[in-house]
Amino acid sequence: IGASFRYIGLRNYSRVLSDSYFWNALGNNYLFMLWVVPLQLVFGLVLALALNTGCEKIRNTYRTAFFIPVICTASVVGIIMSFLLGFDGPVTAALSALGLCEPGQNWISDGDTAMASVIIVYAWKNVGMNMVYWIAALQAVPEELHEAARIDGANGPPDVLPCYASAHRAHRCGHYSNERH
């Protein structure tokens, strides 16, 4: 701090709150969040339900395949996606061959498609982590609860999901343990 220091108080906050770029950026962040969070949760649950049962060898292979994007750095994902979604990438080639877009469409740099492209890429990159969380939650539910749900008429994931929520609460409160009293 030198002799030219001048106290400005809250003036910087006032300038930011009156800046249209700030409000545009804030709106883009909310739009991003409103799409990414549900996509990750829903697709993570669908993957977890699909990969929670079945042949162990195949199940573990697919779990690994869906988790690999999570451990890739953002720069690697950016390079891969700029190739895939670029104007001469395979996504554009396939969609233009089907007549769904113009040849040479660049999904990331086009202002009309950039937000959707970034949302899809981000959700794809991180859905594996949500899948792992869901699998852990599904495997924490005791088999007795699955059996009770089947006896009560639950026959699929939509019928059983409320049971998972109540089992999760019970597990957190310590109602399930490996010790027999």
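1. Let me start with serine 109, which sits in the loop between α5 (90-97) and α6; helices here are DSSP runs of H or I with at least four residues, strands are runs of E with at least two, and numbering starts from the N terminus. Serine 109 counts as exposed, at 57% relative accessibility. The cut-offs are under 20% relative accessible area for buried, over 50% for exposed and in between for partly exposed, using a 1.4 Å probe and protein chains only. The side chain of serine 109 makes a polar contact with the side chain of asparagine 106, at 3.2 Å. Such a contact is a pair of N or O atoms within 3.5 Å; within protein, one must be able to donate a hydrogen and the other to accept it, and residues adjacent in sequence count only if both atoms are side-chain atoms. Serine 109 and glycine 86 are 23 residues apart along the chain, with their C-alpha atoms separated by 8.4 Å.

2. A word on provenance: this is a predicted model, where local features need pLDDT of at least 70 and side-chain atom pairs count only at pLDDT 80 or more, while totals for chains, interfaces and linings use all residues. Residues are numbered from 1 along each chain as its sequence is written, and side-chain values use heavy atoms, with hydrogens and water left out.

3. Now the overall picture. The chain has 8 helices and 0 strands, and buried residues make up 24% of its 181 residues. Taking contacts (heavy atoms within 4.5 Å) with a separation of 6 or more, 54% come from residues 24 or more positions apart.

4. Helix α6 deserves a look of its own. Its 27 residues (114-140) should span 39 Å at 1.5 Å a residue, and its end C-alpha atoms are 39 Å apart, which agrees; the expected span is 1.5 Å times one less than the number of residues. Even so, α6 bends by about 40° at asparagine 126, the bend being the angle between axes fitted to the seven residues ending there and the seven starting there.

5. Asparagine 126 is also among the residues touched by glutamine 40, along with Tyr122, Ala123, Val127 and Asn130, not counting residues up to four places away in sequence. Glutamine 40 is found in helix α2 (residues 20-51) and is buried, with a relative accessible area of 11%.

6. Which residue of opposite charge has the nearest side chain to lysine 125? Aspartate 88, and that side chain is 23 Å away. Lysine 125, in helix α6, is buried yet has no salt bridge, meaning a side-chain nitrogen of Lys or Arg within 4 Å of a carboxyl oxygen of Asp or Glu. For charges, Lys and Arg count as positive and Asp and Glu as negative; His and the chain ends are not counted. A polar atom of the lysine 125 side chain lies 3.0 Å from the backbone oxygen of cysteine 72.

7. Threonine 73 is one of the residues in contact with lysine 125. The two are 52 residues apart in sequence and 9.6 Å apart in space, C-alpha to C-alpha. Threonine 73 belongs to the loop between α3 (56-71) and α4 (74-85) and is partly exposed, at 44% relative accessible area.

8. Finally, tryptophan 124 also lies in helix α6 and counts as partly exposed, at 38% relative accessibility. Leaving out residues up to four places away in sequence, tryptophan 124 touches Pro69, Val77 and Met81.
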